[in-house]
Amino acid sequence: MSVDAPGTALQTSRLAPQLCALSVIEDLYLVTDYERRNTMSDASLTINPEHTALLVMDYQIGILAALPDADALLLRAADAIATVRRHGGHIGYVRVAFEDADVETIPSTNKGFSQLAAAGIDLHNESPATAIHEGVAPEAGDIIVRKTRVGAFSTTDLDEQLRRIGVTNLILA
């Protein structure tokens, strides 16, 4: 992932989720690479944990099994989750999984899900492959949503759940 400039979207590879380039460090101070390169000060962005959620996205058994070095990725994600929890932040989990009726509504032009199917990843909602990996398992009170599209918000109530608990800052894993 990279940040091109303040306020721009984070970029990530499609099947290899990475922790946010904005580093989650012990005191939840985040400094972008852009700020380090392009400012004369040591200014950092302080995030209020009460209004922050780490979204753990697509850390599912079947998806992780298809990635090289998934164990290292899981360790980094588990560390980020522990850091956010320790500071009183929220954790949300987003998983992709389909019911039979969902599959019928996927456009044939959807290249993302056709690639997953071609790779042999079973994304049926009841499949063990769609379960969140135990290395980053949710705890009581965490948000969990099931998406049926690439985006985490278009087919879920994630926005509503985050707003209800006052989240205004997101960190993506």
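Select valine 136 and display its neighbours: leaving aside residues up to four places away in sequence, valine 136 touches Val56, Tyr59, Leu74, Ala77, Ala78, Ile81 and Tyr93, where contact means heavy atoms within 4.5 Å. Valine 136 lies in the loop between α5 (111–118) and β5 (143–147); helices (H or I, at least four residues) and strands (E, at least two) are DSSP runs, numbered from the N terminus. The relative accessible area of valine 136 is 2%, so this residue counts as buried, a word that stands for under 20% relative accessible area, with exposed over 50% and partly exposed in between (1.4 Å probe, protein chains only).

Residues are numbered from 1 along each chain as its sequence is written, and side-chain values use heavy atoms, with hydrogens and water left out.

Colour the protein by pLDDT, the predictor's confidence in each residue, from 0 to 100. The mean pLDDT is 76, and 69% of the residues reach 70 or more. Over residues 1–37 the pLDDT is below 50, although this stretch has 69 contacts in the model beyond near neighbours in sequence. Where pLDDT is low, the predicted coordinates should not be read in detail.

Next, turn to the sheet, an open one in which 4 strands with parallel pairing follow the order β5-β4-β3-β6; two strands pair if DSSP finds at least two bridges between them. At its edges are β5 and β6 (169–172), each of which pairs on one side only. On average, neighbouring strands are turned by 25° against each other, direction ignored.

Select α3 (residues 70–86), which packs on this sheet, touching β3 and β4, and whose direction makes about 145° with that of β4; axes are lines fitted to C-alpha atoms, for helices over the stretch in contact, and angles run from 0 to 180 degrees between N-to-C directions. The buried residues of α3 are Ala70, Leu73, Leu74, Ala77, Ala80, Ile81, Thr83 and Val84, and they pack against β3, α2 and β4. Just after α3, glycine 88 takes a positive phi of about 85°.

Finish at glutamine 60, in the loop between β3 (52–57) and α2 (61–65). Is glutamine 60 buried or exposed? With a relative accessible area of 0%, glutamine 60 is buried, and beyond residues up to four places away in sequence it touches Val94, Arg95, Val96, Ala129, Thr130, Ala131, Ile132 and His133.

Definitions and conventions
Predicted model: local features only at pLDDT ≥ 70, side-chain atom pairs only at ≥ 80, totals over all residues.
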